[in-house]
Amino acid sequence: MPDLNVVLFHHQRNIVWISFEKMQTFHGCVPEDEAYIPTYLEAFPPLPEKTAAEAKAGEPSGAWGSKIKPIKASVITQVFHVPLEERRYRDNGQFGEGEEAKVCLDIMQRTGAHIELSLAKDQGLSIMVTGKLDSVMKARKEIVARLQTQASATVAIPKEHHRFVIGKNGEKLQELELRTATKIAIPRHDDPSTSIRITGTKEGIEKARHEVLLIHAEQDKRAVERLCLEKAFHPFIAGAHNRLVQELSQETGARISIPPPSVPKDEIVITGEKEAVAMALGRIRALYDDKKRKTTTISVEVKKSQHKYIVGPKGTTLQEILEATGVSLEMPPLDSPSETIILRGEPDHLGPALTQVYATAKSVTVVEVTAPAWLHHYIIGKKGQNIGRITQQLPRVHIEFTDGEERISLEGPTEEVEQAQTQMLEIIQDLVSTQMDYTEVVIEQRFHRHLIGKNVNRIKEQYKVSVRIPQDCEHSGLVRIEGDPQGVQKARRELLEMVQRMENERTKELTVEQRYHRTIIGQKGEKIREVRDKFPEVVINFPDPAAKSDVVQLRGPKNEVEKCGKFLQRLIAELIENSFSLSVPIFKQFHKNIIGKGGANIKKIREETNTKIDLPTENSNSEMIVITGRKNHCEAARERVLAIQRELANIKETEVAIPSRLHNSLIGSRGCLVRSVMEECGGVHIHFPPEASGSDQVTIRGPAGQVERARRQLLQLAQEKQVNSFTAEMQAPSEYHRFLIGRGGANIRRVRDRTGARVIFPAPHDGEPERITIVGREEAVRLAQKELEALVKNLDDVVEDSMAVEPRHHRHFVCRRGQVLRELAEEYGGVAVSFPRTGGAASRRVTLKGGRDCVDAAKRRIQEIIEDLESQVSVEVVIQQQFHRALVGPKGSRLQQLTKEHQVQVQLPERGPPGPDPQAPQENGEAGPHAEAAPRKCDIITVSGRPEKCELAKAALLALVPVTEDVEVSYELHRYIIGQKGSGIRKMMEEYEVNIWVPPPEQQWDVVRVTGQLTNVGRAREGLLQRVRELQAEQEDRALRSFKATMSVEPRFHPKIIGRKGAVISQIRKDHDVSIQFPEKGDEHQDVLVISGYEANVAGARGALERLVAELREMVSQDVRLDPRTHARIIGARGKAIRKLMEEFKVDIKFPPPGSEEPDRVAVTGLPEAVDNAIHHLLTLEEEHVSTPPPHPGGGAPDMSSAEDFPTFGASVAPKQSSAWGPKKV
């Protein structure tokens, strides 16, 4: 929304102009979208003074005499007046500052129009609105409604004229309201009132009333006549194709509405001018009377099925008969069983009309052809090919197939229908006799859902048949197969085999806790896919996560299901063993060290201990690190994590023996007692053994001094619990707790020292924030409770007191939104401190309200603060302005910490211009020898507070001034220090809180510049040098790893060296930690392999390759002839059987591809003895399989990746074929 500006203009004769204009930003030219508004003299130039000669000649001259070109402007201006008595707002203040100005600004924002107001001498209001027409009209309407008092009036017009005032979609009414700046309310349809209410200004009301009466007068001239004539004579009045009524409308100018034949109404409506309506009414009555007198009727019977041909498309045939003979036909409704048609017309015309009716009825014939319903889609043909040939030759024949019935209807001209019937019978005879057959198979309904889908689709596609499986609602087991006779029999056989396999399959349910389901499935289903590959014939179904079920279902062949079940049970047992969890308390400040640079430490611990380690988020208050895995691995990881903490700090760990029966009482309700001990002893960690372990050892870990303190307190508590432990609870408002505790715990420590009882306050997020627990000997607890109740009672007795505070100190207490007062209220039991708002005699009086003890303590604290303020001094610290940002810190954090820690106030100067010599040498925030003598004002920081505190704060400020140090780093290592997209250097800057500058590459300097606080710069320097040492070590290691050697291996051995999916070469690379490169296709030396890595590793890998090549050279290849029909069964589902055989005999077996010239030739490659054994086994398998040949029709070896080639022996996990139980689910 653009800014708005109000400009007051000089008034003339007590008229003040106020203009509201949109502010625009100009860039040397007028904006293109701003319309030009001419001045008054430009728009209305003065008339020229004519001489006598010019007057006689009558020649135009001057500005009005020149030819003015019309300007089509989109901007218009309207001016209107609001009298004083009609002004809604009569502001007594300065004109342009009241409600009228606000209203105008709002209207300008909403409409985009430009508004100018002027106040006349009679206090009337003149308003000028400029802008586009639509904006001006909207603005004018809103101005009148909001700035001018509203009147109302009513005008009564007939109810039927109201719709003409509204107009189409209300457009007329909207336009009228905009034009007259009024609100026009028209009564609802169901309201009997005829009065229209107009609201607005008097002038607007008069305009609107005049417009409404004009509409009424115009409509009053019009007439409406409703004429009821027999429906049978309407066609004569309308004429053929409505020509007669159209001619009558044109001649008279009246609008004539005749209901269509389908509407059972006799009423004809005539509208228009009164004279035109009267003329049309007379003509229609005369025509009706003439036809009624001259016409007669006859009835004929025509078959109901032929009525539609007499009516014709959209009634065109009826109109043609009426046009040709002048006879009207009355047809019975379509839903009526009547076959009688009535002809109405003049007697001598009825004969020709009757002849035409019979001719039309007999011009079309209907024939039915009988064919089995299952054969219909074969008669139609693929994409309607068969039926399309008939309809193309005989386009006027309509063929209709009826679902579920054995009849086919042919409709059209008699000769063409006979030809179509003949062709249709030929198609049916051909299909029934030679090409088509069907069979029906009874299959139990429980197997249907496993057949539907890929199984049935494959059978349909393979055998070119149609398989119809009944829906569940039919409760039928009859499956129908239609198609080629041979394909039908094969499909039937395969379906029965599938059902037989399903009957032999079994289902087993395993109970697996739902929390392990996602782990078993793996990311994106990777782990469960491995299980399914191992047991391809078993379908594994996991329950939906929302079902909260632990049941995993296995389905498939009995033996495979048992094996898969045992495998999954072993897998689950391992998961349970690996899900042991340990929580290790580590101080929050050491978490980043546990993680290490780039996560190096935590990654190393995870890999070496094979555990999962989770740390709390940065914004979490938790210090617990959770380790998950095997128990022994978790304990090893815990020791590694604790070792890092011990190295970083003076952390001591000790164990104290406390009887296990006392552990629960020492922990306390919801851990409150042990938590109070940990907080009191500087946040040490106290770990009790698990309840079922029976151990008495309690572990305490933390700073050495605090650990000993916590040990003494635990032993004291244990002794008290053994002697006579007693616990009591009391309630006190949470706002009293800080006062009861006192500053630094002083108050509660006095209660403990006097009574010997321990008082435990609730944690910040405790469910019962008012509960206080007291633990100790009964008499000590009773005494402590009595003291605390007395304190609380005093706090409940509210008193009001006052004290004198000099006004000059008031600002300190109320500044920063009353932060000091809030701290006083929190610390002293919610005491309310009120400072006076006004000056005067009583301005020194400060009121305190609250409990007596709280008020007294708050008064003492205020007095201490005043004494500090009285003794305050100001110290100036000169620090160059360029370093001030570093002193403030992110969001002022450093400066806030400094003022809070030293209890001082720090005032930074206003920013000033750079000094006279901005290039003067500066070192570590101090001016060089040639710097200016006197410090500049913008460099002086003022510190206020007690003298000793100011000196400490000054030293702290100077310590915050950043220093710069150059670190020698070889130019070649700069890019490694910077890291990918600057990640490395950014991480170092965040870790050490410094700025690190690396020179541009073109300078090739061996220096890296570090800027920051002195201590941080030192740490960053050591970090950089450590990183340099690491990079140098990496370079040396890289040089050692770059040793290369080549060896010559015949290309024919390369595939064997690589292995299936690279398994062999990957194992060699992994064992020897080397890189082995094979020659690219098209390289000159196809026999050269390149081995890279450490020299010793390269030698080992070379030896392994040489041994492998020697074994390959000893191998032989031998062919064996196997019956191609047995290939599929030998290969097995997805090649599982042949892979197992190759692994067993250590040979490679290759079957001929589909379409091979020698389909029975199988090649076996391996060591001589292994080849002989494999061939003998293959021949044995061939002999077994030949005795039970599979149903696979092909003669060659099938494609191993195609499920379609395994209809009988394939498994359910083939890529294109699921098991008989349907698709797998996770």
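In which strand does arginine 506 lie? Arginine 506 belongs to strand 21, which covers residues 505-511. The structure is a predicted model, in which local features need pLDDT of at least 70 and side-chain atom pairs count only at pLDDT 80 or more, while totals for chains, interfaces and linings use all residues. Residues are numbered from 1 along each chain as its sequence is written, and side-chain values use heavy atoms, with hydrogens and water left out.

The protein chain as a whole may be considered before its parts. The chain contains 46 helices and 49 strands; helices (H or I, at least four residues) and strands (E, at least two) are DSSP runs, numbered from the N terminus. Of its 1226 residues, 38% are buried. In this text, buried means under 20% relative accessible area, exposed means over 50%, and partly exposed lies in between, with a 1.4 Å probe and protein chains only. The accessible surface of the protein chain is about 72,700 Å², and carbon and sulfur atoms account for 50% of that surface. Such areas come from the Shrake-Rupley method with a 1.4 Å probe, and for residues only the protein chains shown count as cover. Among contacts between residues at least 6 apart in sequence, 68% join residues at least 24 apart; a contact means heavy atoms within 4.5 Å.

The C-alpha atoms of arginine 506 and valine 561 lie 7.6 Å apart, although 55 residues separate the two in sequence. When neighbours within four places in sequence are left aside, arginine 506 is in contact with Leu554, Arg555, Gly556, Lys558, Val561 and Glu562. Arginine 506 counts as partly exposed because its relative accessibility is 28%.

The next topic is a pair of helices. Helix 7 (residues 171-180) and helix 8 (residues 202-220) have axes that come within 9 Å and cross at roughly 145°. Axes are lines fitted to C-alpha atoms, for helices over the stretch in contact, and angles run from 0 to 180 degrees between N-to-C directions. From helix 7, the contact is made by Lys172, Leu176, Arg179 and Thr180, and from helix 8 by Gly204, Lys207, Ala208, Glu211, Val212 and Ile215. By class, this contact has four nonpolar, two polar and four charged residues. Here Ala, Val, Leu, Ile, Met, Phe, Trp, Tyr, Cys and Pro count as nonpolar, Asp, Glu, Lys and Arg as charged, and the others, Gly among them, as polar.

The loop between helix 6 (162-166) and helix 7 holds asparagine 169. Most residues other than glycine have a negative phi. Asparagine 169, however, has a positive phi of about 55° although it is not a glycine. Because its relative accessible area is 66%, asparagine 169 is exposed. Asparagine 610 also has a positive phi, near 55°. Asparagine 610 is found in the loop between helix 25 (600-609) and strand 25 (612-614), and it counts as exposed because its relative accessibility is 56%.

Three strands form an open sheet in the order 24-26-25, with antiparallel pairing. Strand 24 (580-585) and strand 25 stand at the edges with a single partner strand each, so one side of each is left without a neighbour in the sheet. From one strand to the next, the twist averages 20°. Strand 25 pairs with strand 26 (residues 624-629) in the antiparallel sense over three bridges; two strands pair if DSSP finds at least two bridges between them. Aspartate 614 has valine 626 in strand 26 as its bridge partner.

Strand 33 (residues 798-804) runs antiparallel to strand 35 and is joined to it by seven bridges. Strand 34 (residues 832-834) is also antiparallel to strand 35, with three bridges between them. Threonine 847 in strand 35 is the bridge partner of serine 802, and serine 834 stands opposite threonine 847.

Finally, alanine 858 is found in helix 34 (residues 852-870). Is alanine 858 buried or exposed? Alanine 858 is buried because its relative accessible area is 0%. Not counting residues up to four places away in sequence, alanine 858 touches Tyr828, Val831 and Leu848. The C-alpha atoms of alanine 858 and valine 833 are separated by 8.7 Å, and these residues are 25 apart along the chain.
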